[in-house]
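Work through the exercises below with the model open. Each task is followed by a solution in steps.

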Amino acid sequence: MVAPTQASRRKPVGLALQGGGSWGAYTWGALDALLASRSVAIAQLSGTSAGAINAAIVASALVTGGTAAARATLRAFWTAIADPAADLVASIWRPVDRGVRESIGAWFMTAGLSPYDANPLGVNPLRAAIAAHVDVDALRSPRAPALYVTVTNVRSGLPRVISNDEMSIDALVASACLPQLFHAVEIDGEMYWDGGYSGNPTLWPIIHDGSANDVIVVQLSPDTADEIPRDAAGIRRRVGEIVFNSSLVAEMQAIAAMRAIAARADGPVSVSSLRLHRIGPPRRSLFERGSGLERSRAWLELLFDEGRQSARGFLARHGGDLGVRETLDIAHVFTDAHKPKLRVAANDDFADDGGAAAAALSAAADSRRAPS
C-alpha cells in the first residue's frame, strides 16, 4: 500500500480575500502562514482589490514554483510597492495629530480634482508591479487553482467576476482601481472600477466551484466600532468600513437564509456542506495608527506581522476543525438580532424565518450568473 504524500494529507481550503489598499499587507502575512503550513492546501481563491492581487500572485506562483515561490513572490511584490520616502515622511508627520493628517489627506481627495485632470496620462504604478509578479499564462493553466476576481462596472454598478481563462493584468488593475485616484480600466469595451464597491470579496463562485468545502475569509474591514465616531476623520473611516463590508454582509446573510430553507427541505448541497472560517479583521488599534493609503515599509511589515500572527493563531485553534466543522458563526457576526415582524398571513413559516426565503431567492438568482 502506497503511503499518502504530505501534499495529499493537506486539507483543501478556499480563500476569500478582502481588499483595502495597504491593509492587503495583513493578508500577505496571513497567506504566508497558510502557505507555510503543512496542514492546508489552497484549492481556490476569490479576491477583490488588494485581495485580488494577493490571490493572483499566489495562484500563479503555485503553478510555476510551489508554496515557496508563492511566499517569495508575495514578499517581492509588497517590497516593490513600498515607498521608501514614506518612511521619512511618516517620521516627520508622526508628531502631528492623526486627525489633522487625515483631514489634509481628505482635502486632497475631495478638492474637486479628478484623476483625469491631475493624471491626464492615466499612469497607474500598480500595473507594472502586478505585471512583474503575476504570470497570466500560469493563471490560465489547468494546473492553477481556481481564481475569481471581482470588478465593478462603472455604467451598471454591477459586479463582474472574472475567472482564470479570462484573467488579465487589466482585470487585476481594475479590481484595485479607486476612482478618486485612477482612470477607469477598460475590459471588453466596458469601464470598470474597484471591485470593493460591489463584492468584497465575492463568495458565490467558490461556493459553486466546489473545490473545497472549507472557505477561509480573510477580512480587513472591521465589523463593529468601539464607539460612535464624532470627528470628521472618524466618521469617514467608519462609513468606508461599512460600505466595503456591505457586500460580504449581504452574501453571509443570504447563506444563512438558504441554510434555513435547506434545513427544512431539500436545499442546495453546496450551501449545506459549506464550512466558513475567518482570519481577521486586524485589531482595532491598528486603524488608529495608519490607513489603506500608507505605503511605508515599516507599516507594511507591521501589517504583515499582524496577519501572519493571526493566521498562525487560527491554525493553532481551528486547524483540527477544517474538514469537520464551521468556526465562523455567521448568524451572530453578520445578522442583526432585531428581526422585523412580517405581515405574511398566507405562509406562517415564511414569516417566522424573518424573510429568509426572500433573501435566499435573491442569492440564488445572483448565483446563476456564471463568471466570465
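Asp-188 is exposed, with 62% relative accessibility (exposed means over 50% relative accessible area, buried under 20%, partly exposed in between, with a 1.4 Å probe and protein chains only). The model is predicted, so local features need pLDDT of at least 70 and side-chain atom pairs pLDDT 80 or more, while totals for chains, interfaces and linings use all residues. Residues are numbered from 1 along each chain as its sequence is written, and side-chain values use heavy atoms, without hydrogens and water.

**Exercise 1. Asp-188 and its partner**

Task: Determine which side chain meets that of Asp-188 in a salt bridge, and state where Asp-188 is found.

Solution.
Step 1. The partner is Arg-160, at 2.9 Å from N to O (a salt bridge is a side-chain nitrogen of Lys or Arg within 4 Å of a carboxyl oxygen of Asp or Glu).
Step 2. Asp-188 is found in the loop between strand 5 and strand 6 (strands are DSSP runs of E with at least two residues, helices are runs of H or I with at least four, both numbered from the N terminus).
Step 3. Arg-160 belongs to strand 4 (residues 159–163), so the pair ties together parts that are 28 residues apart in sequence.
Step 4. Arg-160 is buried at 17% relative accessibility, whereas Asp-188 is exposed at 62%.
Step 5. The backbone of Asp-188 has phi near 55 degrees, a positive value in a residue other than glycine.

**Exercise 2. Further salt bridges**

Task: State how many salt bridges a search of the whole structure finds, then describe the pairs of Arg-283 and Asp-321.

Solution.
Step 1. The search finds nine salt bridges.
Step 2. Arg-283 pairs with Glu-306, the closest N and O atoms lying 2.6 Å apart. Because Arg-283 sits in the loop between strand 8 (275–279) and helix 14 (297–318), and Glu-306 in helix 14, this pair ties together parts 23 residues apart in sequence.
Step 3. Arg-283 is partly exposed at 41% relative accessibility; Glu-306 is buried at 13%.
Step 4. Asp-321 pairs with Arg-325, with 2.5 Å between the closest N and O atoms. Asp-321 is buried at 14% relative accessibility, and Arg-325 is partly exposed at 44%.
Step 5. A network of salt bridges links Arg-75, Arg-297 and Glu-301.

**Exercise 3. Helix packing**

Task: Describe how helix 2 packs with helix 14 and how its axis meets that of helix 4.

Solution.
Step 1. Helix 2 (residues 24–36) and helix 14 pack at about 40 degrees, with axes 6 Å apart (axes are lines fitted to C-alpha atoms, for helices over the stretch in contact, and angles run from 0 to 180 degrees between N-to-C directions). Helix 2 is therefore oblique to helix 14 (under 35 degrees is roughly parallel, over 145 roughly antiparallel, 65 to 115 roughly perpendicular, the rest oblique).
Step 2. Their crossing is right-handed (the near helix is turned clockwise from the far one by less than a right angle; anticlockwise is left-handed).
Step 3. The axes of helix 2 and helix 4 come within 9 Å and cross at roughly 165 degrees. That makes helix 2 roughly antiparallel to helix 4, and the crossing is left-handed.
Step 4. Helix 4 (residues 66–81) and helix 8 (residues 125–133) have axes that come within 10 Å and cross at roughly 160 degrees. Helix 4 is thus roughly antiparallel to helix 8, in a right-handed crossing.

**Exercise 4. Loops and backbone**

Task: Which residues are joined by cis peptide bonds to Pro-201 and Pro-281, and what is the phi of Ser-49?

Solution.
Step 1. Asn-200 is joined to Pro-201, with omega about -10 degrees; Pro-201 lies in the loop between strand 6 and helix 11 (204–209).
Step 2. Gly-280 is joined to Pro-281, with omega about 0 degrees; Pro-281 lies in the loop between strand 8 and helix 14.
Step 3. Ser-49 has a positive phi, near 55 degrees, and is not glycine. Ser-49 is in the loop between strand 2 (40–48) and helix 3 (50–64) and is buried at 8% relative accessibility.

**Exercise 5. Contacts across the sequence**

Task: Find the C-alpha separations of Leu-328 and Leu-276 and of Gly-240 and Gly-20.

Solution.
Step 1. Leu-328 and Leu-276 are 52 residues apart along the chain, with C-alpha atoms separated by 5.6 Å. Leu-328 is in the loop between helix 14 and helix 15 (330–334) and is buried, at 6% relative accessible area.
Step 2. Gly-240 and Gly-20 are 220 residues apart in sequence and 9.9 Å apart from C-alpha to C-alpha. Gly-240 is in helix 12 and is partly exposed at 24%.
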